[in-house]
Amino acid sequence: MTTQTLTDEALKAEVTAWLADHWKPKAQDQGAGFDLHPHRDFMAKVVEARWAVPTWPIEWYGRALSSAQAKIIEKAFAAAGAPGSGQDRSNLWANTAMAHATPAFKKTIVPALLKGEVAMCLLYSEPGAGSDLAAIRTRADRKDDHYVVNGQKVWTSGAAVADYGMLVARTDWDVPKHKGISFFFLPMKQPGIQVRPLRQITNEAHFNEVFITDAIVSADNMLGPLNNGWGVLQTALAYERSVMGDAARGPRSGQDNPKGDSALVELAREAGRLNDPVIRQEVAQVTAYKVLNRLNNARAKAELAQGNSSPIMSLGKLAMSRILHEEARLRSKLLGAGSLLEGPNHPRAEDANFLSLNAYFTSIGGGTDQIQRNIIGERVLGLPKEPEVDRDMAFRDVRSG
Amino acid sequence: MTTQTLTDEALKAEVTAWLADHWKPKAQDQGAGFDLHPHRDFMAKVVEARWAVPTWPIEWYGRALSSAQAKIIEKAFAAAGAPGSGQDRSNLWANTAMAHATPAFKKTIVPALLKGEVAMCLLYSEPGAGSDLAAIRTRADRKDDHYVVNGQKVWTSGAAVADYGMLVARTDWDVPKHKGISFFFLPMKQPGIQVRPLRQITNEAHFNEVFITDAIVSADNMLGPLNNGWGVLQTALAYERSVMGDAARGPRSGQDNPKGDSALVELAREAGRLNDPVIRQEVAQVTAYKVLNRLNNARAKAELAQGNSSPIMSLGKLAMSRILHEEARLRSKLLGAGSLLEGPNHPRAEDANFLSLNAYFTSIGGGTDQIQRNIIGERVLGLPKEPEVDRDMAFRDVRSG
Amino acid sequence: MSAITAEDLKVFVEQLKRLLAARSSEAEVRRLSETPEGYDPEVWKALADLGVTGLIIDEAHGGFGGDAVALELVMEEVGAALLCSPLISSAILAPALLQALDDDTAKARLLPDLASGAKIATVAITGPSGGWIEGHVVIEATAVGTDWSLTGKAAFVTHAHIADVLLVVANAPDGVAVFEVDPKAAGLTLTSLPTFDHTLRMSDIDFAKVSARRLACNRPTWQAVEAMLDLALIALAGEQAGGSRQVLEMTVDYTKNRFQFGRAIGSFQAVKHMAADLLIDSESCTSAARHAAQCLASGSDEAPSAISLAAFACADAFSAITATSIQMHGGIAFTWAHPAHLYLRRARADAHLFGSSDFYRERYVQQLGG
Amino acid sequence: MSAITAEDLKVFVEQLKRLLAARSSEAEVRRLSETPEGYDPEVWKALADLGVTGLIIDEAHGGFGGDAVALELVMEEVGAALLCSPLISSAILAPALLQALDDDTAKARLLPDLASGAKIATVAITGPSGGWIEGHVVIEATAVGTDWSLTGKAAFVTHAHIADVLLVVANAPDGVAVFEVDPKAAGLTLTSLPTFDHTLRMSDIDFAKVSARRLACNRPTWQAVEAMLDLALIALAGEQAGGSRQVLEMTVDYTKNRFQFGRAIGSFQAVKHMAADLLIDSESCTSAARHAAQCLASGSDEAPSAISLAAFACADAFSAITATSIQMHGGIAFTWAHPAHLYLRRARADAHLFGSSDFYRERYVQQLGG
């Protein structure tokens, strides 16, 4: 193979021609990031044609291309509305396996992940390990050529359909908490695993609790060295952040919502409150929070583009938390007594109330605002950490939960 | 003496008659709590007549009266506008000396304090010991029958005129911070003591820095046992809180300020802003903070009167901090561009700006808002303390300052 | 002044506490939230036997003759327990309005059944705006001989779905008046509304030439409505005070027992300081509610402004405490199974039930002379 | 667009940084705050030589022809250093106004001396209300032959006490117009005002039949005033952004080095979390200021709303950061000797110099179509 030597034009021509031959758009891509891929057959072709991970080495379905040339391929796929390209940037599961899986397991799992043949879920958080993720108590005990897993995980999306879960479990209890954790691809379709939907305050169930009782995972499915799972987890989490972005959902009533910077002005007008000077001040302020956050992110991207690291990146989640809570508060206020109601016949109230609750998805999920402030204070501003009482303790002696 | 057996009526008659004979009102009582007493001669008579500390024992200028009968005496003095009574409740200095001074020193200092013959100041805080008062580095080293004191104190009122300062100094550096502190009555009128006024952000100097170089204090002037000064300090601080109350000052321009719950309404009207609905909301909210704090304190007093301890007492300082900052913010907002100015020709601006700065006297002085929240969380709500890294360390190994 | 002594009141509240502990557990609240009625008739009976339904009804009509102070204290317990019941409608709004009118026959006819809990009544005032203002009344009343006929729409009517009697505020030719209506009368259409607070029940009521009986009032009727609203606001403030203290206690307990990073999370300043600030809110809420009740009970001139203050201070405190409580709990309070959101829903409902905090702040400024 | 390349601008800002480090130390700021003039003529000369006084003045008139982007960046440094100078009056308000007018002879007469720093000018617009609104102009201009005569009072005029030229906005019979006035002219009385920000200088000016020269404008003159105000607001936003970052850095450094309870106070969540929140404010402040500058420089339709946003977001951020900074420092920042209050005073001045945050929030809503 000598694709590296292709000119940009030739590459563009090749991928465009290939897409013309192979891509037949059908039902909207439902790709939820967790479920099985709706275009599995096509995805397999994409992988075999080496369009899925062009920056990867030849022996791993790649073309060893520069990311610049990879972009050409992604652009062509995007233009055609075809899925499957750019997975070397975006496929959390495949990248993690590629980086850390054992040769034997890698050979089977990586292509399956690229082709969307296996569905995945994350087995990280536990009831007793939220902000303090390293305090997990799910255990994996070695037995012959495999590990026996016991414990409970929570806030797991897609657990019901997943073939594998990326699992962090404790494999050594006599060392400090970060040092006794290992990382596995746990097969989900086995008797020892029971999945229960978790009902949120929004009266939805986007997550599950996963109860694990004597579940089996082959030692080959361990990613990274024994008791080095914390390190693997960090790279996986980094991927997740860079790829998935802000997961907070918008209104769910289905009723049209005004868009753009004047959205709140329009909602105030619709509610007949736009002539209230107090409301006008709040509309301006909440709109400002949204616009300022956008300006901050744009400036951060520009600085990164110039190769300067930017402190601002880490502020986005905390800023978004305030935006979501404040917008929900204002939407409720605009409705007055109307906000007492909910349901499809009262879409504005349904949205205001839903958004008021769902704002906690961002202010609690993926690190509470309080944890975020620690991170900003310590990693961005360089302020010293607090004394860590459990840092040098054997985990079995640490109180948690 | 058998005054205990006096009826309330007889006691009232006796004190009233005595006042009629001895109290000749003159210039307004200027008693600043620190300076020498303006009515010293009369005060001496009050003490000798045993009206100053009626609940104290006979041998200590008292009458061993019940506090109920003591109140009768205080009422009579109050009615006549005469100073000097009720010092068993209100004289911080005398009560501290009475409780902890050595017999020899007590004999001379207590009457002098009751008679207002000696002026006092507090030598507690240091540049390196603010929130963490126990981190004081002023040292008192034993030499023969006295101690040699070296160090620096700050935020000292009345230091320039004081005869004695109530001093906490470190007498043992090899034990944890609370355990190596002793409490002294330090003579202020000696060469080793230099007093410098401390200019505040309000461009006033109500406090001093005190520089102490090889100053001498007799071992007899130590209050409480060696290295037990922290305990003595706690009782002194408790007195101070119960007696002195909230020290925050009001406007200083001299211009009349509206009083009562509608004060902010009147200020808004005067500024021509009362018709602004946004201002009206803020006037209501800041007024509410003030009224709610008053209601809280009234409820706390009522609960205490019924013998129930009240959590609310400890909330007052933190609540007052918010009130002072918020009222200052609103006063500034009412003036708009007018708040750019200061000085006697612009009294409302002078007040708004002064109050904006002086609010920090309450939110920082006597324990910052952050320390207050710790205290409320721990002592009122029973939340656990933070890990104390310096708790069991010899103080000389603790980093501070 | 109250016909109940302070001592009786203490005992009374203790009995209520026990009743609520037994009959308004979280499980019961969740169960009743899912029923169409939204309350338990047996618990209603028990409340009646204890005297809660007749608390503010004159002894002459079979009630306890309790005053605002008694009402506020009782509502603190009701709020702490998230009780599902039509108390606000049938034990507060309706009797308060009847007693503020001058129609002795109506009182004699209705109050005893309300006191005994045998009948449930509610009051319909607000139009689609939801505003508790005379100008927002949109139902028109026309005389038909000695009888009256109502036409128009009432919105956000509490517990109308289970009411035996409706008291409707409508515009008569000579001004606002109160009318007694049978919910089953011809021309009356009741539409239940889905509420965000599942412990609450509300309806829209459409009146098409519904026959009604006018109740006598010797002063401008809106003054009677305002007298009713004063009591209702104090009741709501009591509910908010009780709910606030309950939620703060639940939250503080959790932060003492939830360990992360080897420490109780309540030992972290971030959590500890939130708790300290909420304590100021919750104590201020209690002070405001009780002060308003005392002012009204003692007929103080301060009563109107004290009630406005309680209306916004208590609504804001309960809202802030329930909202911050979820943040302090973290993920566990993001689950349906955790009670935190039940209180948040109640707090958000209470904050709009009788008008917004902004509305009462504005009224407060007017009462301060602004 | 700017006549200065991005590369030149970088160099320029670096030179300014060095100049300010050398000539606008805290000690100098304190010294100049106590002088009646409130600035150092030698530093003014140095700023002129560097090109700061002529930054926004056309090259044709001896300036640098810098645009809003250049101005904003320069003002970030000025704000960080708390520079005591008439820059806002003589290098921004006056030249911006002159260049927004159409009086070429006036430009040729005045701009070169302003660019070179040889003369200091300022603009008088606001009446006693302090409002930057056409309707608030209270000086009346009447024609006297070809000449004009001004009568009335201008308030809050910046740096008039050292001005060689006054540009006065007054009501002429045909609408608002700009007049050139000699501060020493007969009938003009200047009263210095004591300012809370001791680095600022302001005066009231009383005009009693003061002779003035009217400057030509080919459009409604208030549009020219608004063009000037746009640049002034961006300059102020830049000052607030630079000041905000400076104060936050100073504060964070202190909390790293101040030890209490055996720990750096910055390790306590109470302090750490305040710092994190302030970082959002200070970064948002910088983003808003720079975005407004870019919008104006590129002639984007978004410019007006971007300027309003910067006006209130930057004022509020600088105020919040300087106020919280004192709390984070504790007692030491309650002393006159500590610089924290110097920035607080500047922040409070900036927040009212050209109108309040509420005013610009209201304008922002209008610009969003509300």
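Author: We begin with the elements: helices (H or I, at least four residues) and strands (E, at least two) are DSSP runs, numbered from the N terminus. By that scheme, Lys272(D) is found in helix H8 (residues 269–297) of chain D. This is a predicted model, in which local features need pLDDT of at least 70 and side-chain atom pairs count only at pLDDT 80 or more, while totals for chains, interfaces and linings use all residues. Residues are numbered from 1 along each chain as its sequence is written, and chains are lettered from A and ligands numbered from 1 in the order in which they are written.

Reader: Is Lys272(D) buried or exposed, and which residues does Lys272(D) touch?

Author: A residue is buried if 20 or more other C-beta atoms lie within 10 Å of its own, exposed if 12 or fewer, and partly exposed in between, with the C-beta atoms placed from the backbone. Lys272(D) counts as buried because it has 28 C-beta neighbours inside 10 Å. For touching, two residues are in contact if their C-beta atoms, placed from the backbone, lie within 7 Å. Not counting residues up to four places away in sequence, Lys272(D) touches Arg373(A), Asn374(A), Gly377(A) and Leu383(A) in chain A, together with Gly266(D) and Ser267(D). Thr255(D) lies 17 residues from Lys272(D) along the chain, and their C-alpha atoms are separated by 8.5 Å.

Reader: How should I read a contact between whole chains, and how many residues does chain C give to the one with chain B?

Author: One counts the residues on each side, and here the contact takes 27 residues from chain C and 32 residues from chain B. On the side of chain C, the elements that give two or more residues are helix H7 (221–257), helix H8 (269–297), helix H9 (303–329) and helix H11 (357–367), and H8(C) gives the most, with 11 residues. For the classes, Ala, Val, Leu, Ile, Met, Phe, Trp, Tyr, Cys and Pro count as nonpolar, Asp, Glu, Lys and Arg as charged, and the others, Gly among them, as polar. The side of chain C that touches chain B divides into 12 nonpolar, 9 polar and 6 charged residues.

Reader: Which elements does chain C use where it touches chain A?

Author: That contact takes 27 residues from chain C and 35 residues from chain A. Strand S8 (259–260), H9 and helix H10 (340–353) of chain C each give two or more residues, and H10(C) gives the most, with 4 residues. By class, this side of chain C has 13 nonpolar, 11 polar and 3 charged residues.

Reader: What does the angle between two helices tell me, and at what angle do H12(B) and H8(C) cross?

Author: Axes are lines fitted to C-alpha atoms, for helices over the stretch in contact, and angles run from 0 to 180 degrees between N-to-C directions. Angles under 35 degrees count as roughly parallel, over 145 as roughly antiparallel, 65 to 115 as roughly perpendicular and the rest as oblique. The axes of helix H12 (residues 369–380) of chain B and H8(C) come within 8 Å and cross at roughly 85°, which means that H12(B) is roughly perpendicular to H8(C). Among the residues that meet there are Arg373(B), Asn374(B) and Gly377(B) in H12(B), and Lys272(C) and His273(C) in H8(C). This contact has 5 nonpolar, 3 polar and 2 charged residues.

Reader: Which pair of helices in chain A could I set beside that one?

Author: Helix H8 (residues 263–270) and helix H9 (residues 277–305) of chain A pack at an angle of about 155°, with their axes 9 Å apart, so H8(A) is roughly antiparallel to H9(A). Leu264(A), Val265(A) and Ala268(A) in H8(A) meet Ile279(A), Val283(A), Val286(A) and Thr287(A) in H9(A). By class, that contact has 6 nonpolar, 1 polar and no charged residues.

Reader: Finally, where is Leu296(C) found, and why does Leu296(C) count as buried?

Author: Leu296(C) is found in helix H8 of chain C, and it counts as buried because 25 C-beta neighbours lie inside 10 Å. Beyond four places in sequence, Leu296(C) touches Ala68(C), Asp230(C), Ile234(C), Ala303(C) and Ile307(C). Of these, Asp230(C) is 66 residues from Leu296(C) in sequence and 8.2 Å away in space, C-alpha to C-alpha.
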